[in-house]
Amino acid sequence: MKHLILFDVDGVLFDVSGSYRSVIIRTVEYYLKRILGFKLPRGHIVCGKDIDALKYFGGFNDDWDLTAGLLYYYLDLLDLPSGVLLKRSNDLEVNLHQLSRWKKEFRASAVPERIQTRRLKKFLENIPCRHRGLDAIIRSVGDKAKNLVFYGGKLESTNIVRRIFQEAYLGRKCFRRAYGLTSKFIKSNGAYLKEKPLIPKTVFKKLTEQGHTLGLVTGRPRSELMPTMDRFQMDMYFSVVVPVDVVWKEEKKKYQRTGRKISLTKPNPFSLVYAIQAAKGRFDSVFYVGDQPDDMRAARNVRKRYPKVKAIGYVPDKDRARIQQLKKAGACVVANDARSLFEILS
Ligand SMILES: [Mg+2]
């Protein structure tokens with residue numbers, strides 16, 4: 001039996017709780033405190049469960065979108081002063097200056113203690129099923145919140161949320177290498193250095209020795225995927241790699257052709273279809289191993305075209321609620337350690 005085994009990366013190959021997940025929290029808090037000037041309570045105002053709630057809601061495969069979504073939601077809860085109208089400029093300094101003029105007013109505004117996960121979940125439950133991802137949040141919040149979140153457009157000027165995120169994730173050196181820019185907000189080492197493998201290399205080695213073809217299908221850009229793969233010397237085991245750049249390219253092409261913006265990120269099956277076609281082989285089964293409900297939904301969506309695809313959940317922290325969520329989203333089976341995952345796949 002020869003299988004094509006495709007893996008999601010974040011939360012499956014690598015533990016990203018100290019990297020992407022902590023950068024989401026750091027970016028939200030930095031933006032509220034340093035950019036908008038709010039006085040925040042002690043401790044974190046966002047926790048992992050809030051991130052899980054948005055991931056479960058769906059359409060948040062992109063952590064930049066998720067960060068912006070949390071900011072929109074949080075700002076919508078606040079009693080903001082009226083009359084704040086901020087125009088987007090092509091100059092980052094002009095944008096920051098506009099925002100800084102409101103800092104005094106914001107500092108005096110009431111700030112809730114922290115995001116209450118239960119309230120966030122209720123907010124999400126009330127959004128109609130046909131809307132998912134950042135669009136759904138934007139539709140549900142008021143203009144004041146929308147106006148204050150500088151997200152979208154260029155990292156050099158208007159996309160302040162993404163700039164903070166990338167600076168925190170990459171650190172000074174890698175940020176400069178990736179974008180040719182000097183870090184403006186975050187001066188510490190890149191959070192990517194805190195990533196750790198969740199599956200030992202020997203598992204991939206044994207699976208390839210058994211004749212299976214391995215691949216990666218991830219929401220990470222190639223520029224953030226390959227350094228980590230190199231660092232842990234895992235790149236040689238994966239003959240198919242589909243980073244999010246491939247998805248962005250196709251979205252752009254579709255936009256140029258139709259004038260419509262559509263999302264092809266998971267749960268859309270596009271990246272899985274792309275990987276299966278790139279693998280160019282005959283396989284007895286195709287597995288997609290993921291840690292999020294959208295991974296399971298993507299595998300389910302691809303089955304209309306490739307019925308052999310099976311969704312495998314991987315929850316190494318053994319979180320019971322997430323195991324249930326993955327099963328509900330279409331997982332055939334959920335492994336909670338590397339050994340049981342190997343047994344399922346081999
Ligand atoms: Mg993941």
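Trainee: For a chain of 346 residues, what radius of gyration would a compact globule have, and what does the chain have?
Mentor: This is a predicted model, and its C-alpha trace spans about 65 × 45 × 40 Å along the principal axes. A compact globule of 346 residues would have a radius of gyration near 20 Å, and the chain agrees with this because its own value is 21 Å.

Trainee: What share of the contacts with a separation of 6 or more joins residues 24 or more positions apart?
Mentor: The chain holds 16 helices and eight strands, and buried residues make up 42% of its 346 residues. Among contacts with a separation of 6 or more, the share that comes from residues 24 or more positions apart is 68%.

Trainee: How are helices α1 and α9 oriented towards each other?
Mentor: Helix α1, residues 20-35, packs on helix α9, residues 160-179, with the axes 9 Å apart and at an angle of about 130°. The crossing is right-handed, and the contact includes Y20, V23 and T27 of α1 together with I160, I164 and A168 of α9. Angles over 145 degrees would count as roughly antiparallel and those from 65 to 115 as roughly perpendicular, and α1 and α9 are therefore oblique.

Trainee: Which residues of α9 meet helix α3?
Mentor: Helix α3, residues 63-77, packs on α9 at an angle of about 125° with the axes 10 Å apart, and the two are therefore oblique to each other. From the side of α3 the contact is made by W64, T67, A68 and L71. The residues of this contact divide into five nonpolar, one polar and one charged, and those in α9 are V161, R162 and F165.

Trainee: Are helices α2 and α6 roughly parallel or roughly antiparallel?
Mentor: The axes of α2, residues 48-57, and α6, residues 117-125, come within 9 Å and cross at roughly 15°. K49, D50, A53 and F57 of α2 make the contact with T117, L120, K121 and L124 of α6, and these residues divide into four nonpolar, one polar and three charged. Since angles under 35 degrees count as roughly parallel, α2 and α6 are therefore roughly parallel.

Trainee: How many of the 10 residues of helix α14 are buried?
Mentor: The buried residues of α14 are P293, D294, D295, M296, A298, A299 and V302. What covers them includes α2, α13, β6, β7 and α15. Helix α14, residues 293-302, is largely enclosed by the rest of the structure, because the number of its residues that are buried is seven.

Trainee: Which two residues does a cis peptide bond join?
Mentor: The place to look is the loop between α12 and α13, where P267 lies. Omega is about 20° at this bond, and the residues it joins are K266 and P267.

Trainee: Is K280 buried or exposed?
Mentor: K280 lies in the loop between α13 and β6, and its phi is near 50°, a positive value in a residue other than glycine. A residue with 12 or fewer other C-beta atoms within 10 Å counts as exposed; K280 has 10 such neighbours and so it is exposed.

Trainee: What is the phi of K318?
Mentor: K318 is placed in the loop between β7 and α15, and with 10 other C-beta atoms within 10 Å K318 is exposed. Although K318 is not a glycine, its phi is positive, at about 60°.

Terms used: Residues are numbered from 1 along each chain as its sequence is written. This is a predicted model: local features need pLDDT of at least 70, side-chain atom pairs count only at pLDDT 80 or more; totals for chains, interfaces and linings use all residues. Axes are lines fitted to C-alpha atoms, for helices over the stretch in contact, and angles run from 0 to 180 degrees between N-to-C directions. Helices (H or I, at least four residues) and strands (E, at least two) are DSSP runs, numbered from the N terminus. Two residues are in contact if their C-beta atoms, placed from the backbone, lie within 7 Å. Ala, Val, Leu, Ile, Met, Phe, Trp, Tyr, Cys and Pro count as nonpolar, Asp, Glu, Lys and Arg as charged, and the others, Gly among them, as polar. A crossing is left-handed if the near helix is turned anticlockwise from the far one by less than a right angle, and right-handed if clockwise. The radius of gyration is taken over C-alpha atoms; the globule rule is 2.2 Å times the number of residues to the power 0.38. A residue is buried if 20 or more other C-beta atoms lie within 10 Å of its own, exposed if 12 or fewer, and partly exposed in between; C-beta atoms are placed from the backbone.
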